[in-house]
Amino acid sequence: MAIMSESIGFVRGTKGDSVAFFLNKEVNLSFGQIVRIDSGERSFYARVVNAESSSTLDIIEQLREAEGREAYGPYSAYRSVEAILFLEKRAAKARSPTFNPNYKDRVYSTSEEDCSVLNLSGELELGRLLSGEQLLGSAGISVEAIPLMMGMFGMTGSGKTNTELVLNAQIIDRSPETVTILFDFAGQLLDGKGMKPQKGLKDHALFHSKVRYYSAKDKKMAVGLHTITPEKLGTLFADTQPPQRRLAWALYRKLGKQWIESSLETYRAEGNVAVRAHKSVVEVLMQKLSSLPHDLFPASGYTFVDSITQNVCQGITCLIDISGLRSDDQTRIVCL
Ligand SMILES: Nc1ncnc2c1ncn2[C@@H]1O[C@H](COP(=O)(O)OP(=O)(O)OP(=O)(O)O)[C@@H](O)[C@H]1O
Ligand SMILES: [Mg+2]
């Protein structure tokens with residue numbers, strides 16, 4: 001049964017993808033809520049982004065009336081809401097908007113029927129669509145959408161980290177169909193730091209079997225120098241020039257896996273390296289290599305990148321806490 005809901009207001013003006021509408025009294029609306037605007041044959045869907053309330057009195061009149069000094073004749077107080085269009089529906093077809101609503105078009109809060117038009121559900125369930133106080137259908141992301149680029153934007157405290165935790169939990173639930181490598185720049189995903197209640201991925205029922213945690217603190221995050229070949233130079237240092245690359249290959253051919261430690265040692269002792277090269281090129285390359293911090297890049301043959309690759313292949317999600325690292329080291333770890 002389709003329930004014909006009453007309109008909650010009407011359009012006072014549109015400009016591009018922004019729609020302003022007057023809100024009827026006693027209507028409960030919130031930021032982020034989705035509304036429908038019926039416009040002739042089309043319906044538009046828009047997200048509430050702003051609201052204001054005022055009266056038709058000018059500011060002096062408002063103040064005088066508030067102070068009780070003067071009473072003004074009939075005037076109107078109003079609430080105006082701004083919403084951004086994101087979808088248009090015509091017949092059974094939904095697409096991004098090709099036009100915008102008209103003055104005085106009616107605005108409605110979303111119903112369960114709209115929820116199915118919006119096609120918000122997906123196997124990875126993130127929550128429910130909220131309309132006023134009412135919970136409508138499920139909202140989520142489909143598994144096929146994961147390899148596409150996605151971004152999540154919201155003001156401070158709007159719930160991005162929480163959404164991320166829910167999404168990650170869903171991905172872990174569906175292992176091995178879905179699996180992920182998580183880079184935690186802020187160090188909050190493991191135990192939900194700063195969230196109330198403090199719950200993070202370590203509270204997930206499958207944490208011990210389906211998640212591996214890597215952090216610089218417990219020394220599990222290490223990329224042994226012996227695993228770094230000259231071809232990875234550009235990944236570690238974006239500004240690597242061809243002469244430095246040629247020198248690196250020459251050193252690698254001569255010294256093998258130990259090329260980084262050996263040449264740094266020789267360079268420190270003798271101010272030179274094992275192959276002939278221009279002084280300035282040697283200097284720049286040695287400066288780069290010696291800037292790799294020892295705790296992240298120890299002189300060993302172990303790299304945690306291999307461990308991550310193996311785990312991901314087995315459907316085990318890898319959570320990599322890179323918080324607290326210098327930002328160029330964060331970039332290096334992520335790129336590797
Ligand atoms: N769906 C939700 N329902 C109720 N409370 C929530 C919801 N999502 C987040 N919160 C609460 O809101 C607060 C902020 O959430 P969260 O840390 O996820 O926001 P954020 O967008 O990541 O903020 P920041 O920009 O500061 O990182 C937390 O206390 C969290 O528990
Ligand atoms: Mg956050």
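Not counting residues up to four places away in sequence, Ile322 touches Phe183, Asp184, Phe185, Met221, Gln330, Ile333 and Val334, where contact means heavy atoms within 4.5 Å. The model is a predicted one, in which local features need pLDDT of at least 70, side-chain atom pairs count only at pLDDT 80 or more, and totals for chains, interfaces and linings use all residues. Residues are numbered from 1 along each chain as its sequence is written, chains are lettered from A and ligands numbered from 1 in the order in which they are written, and side-chain values use heavy atoms, with hydrogens and water left out.

Ile322 is found in the loop between E12 and helix H10 (327-335); helices (H or I, at least four residues) and strands (E, at least two) are DSSP runs, numbered from the N terminus. With a relative accessible area of 0%, Ile322 is buried, a term that means under 20% relative accessible area, as against exposed at over 50% and partly exposed in between (1.4 Å probe, protein chains only). Ala216 lies 106 residues from Ile322 in sequence, yet the C-alpha to C-alpha distance is 7.0 Å.

Two strands pair if DSSP finds at least two bridges between them; E10 and strand E12 (residues 317-321) do so in the parallel sense over four bridges. Phe183 stands opposite Ile320 in E12.

Gly315, which follows H9, has a positive phi near 80 degrees.

Turning to helix packing, H6 (residues 242-255) has contacts with two helices. The axes of H6 and H7 (residues 259-270) come within 9 Å and cross at roughly 100 degrees; axes are lines fitted to C-alpha atoms, for helices over the stretch in contact, and angles run from 0 to 180 degrees between N-to-C directions. H6 is therefore roughly perpendicular to H7, given that angles under 35 degrees count as roughly parallel, over 145 as roughly antiparallel, 65 to 115 as roughly perpendicular and the rest as oblique. Here Ala248, Leu251, Tyr252 and Leu255 in H6 meet Trp259, Ser262 and Ser263 in H7.

H6 also packs against helix H8 (residues 279-290) at an angle of about 75 degrees, with the axes 9 Å apart. Pro243, Gln244, Leu247, Ala248 and Leu251 of H6 make this contact with Val281, Val282, Val284, Leu285, Met286 and Lys288 of H8.

Gln33 has its place between strand E2 (18-23) and strand E3 (34-39).
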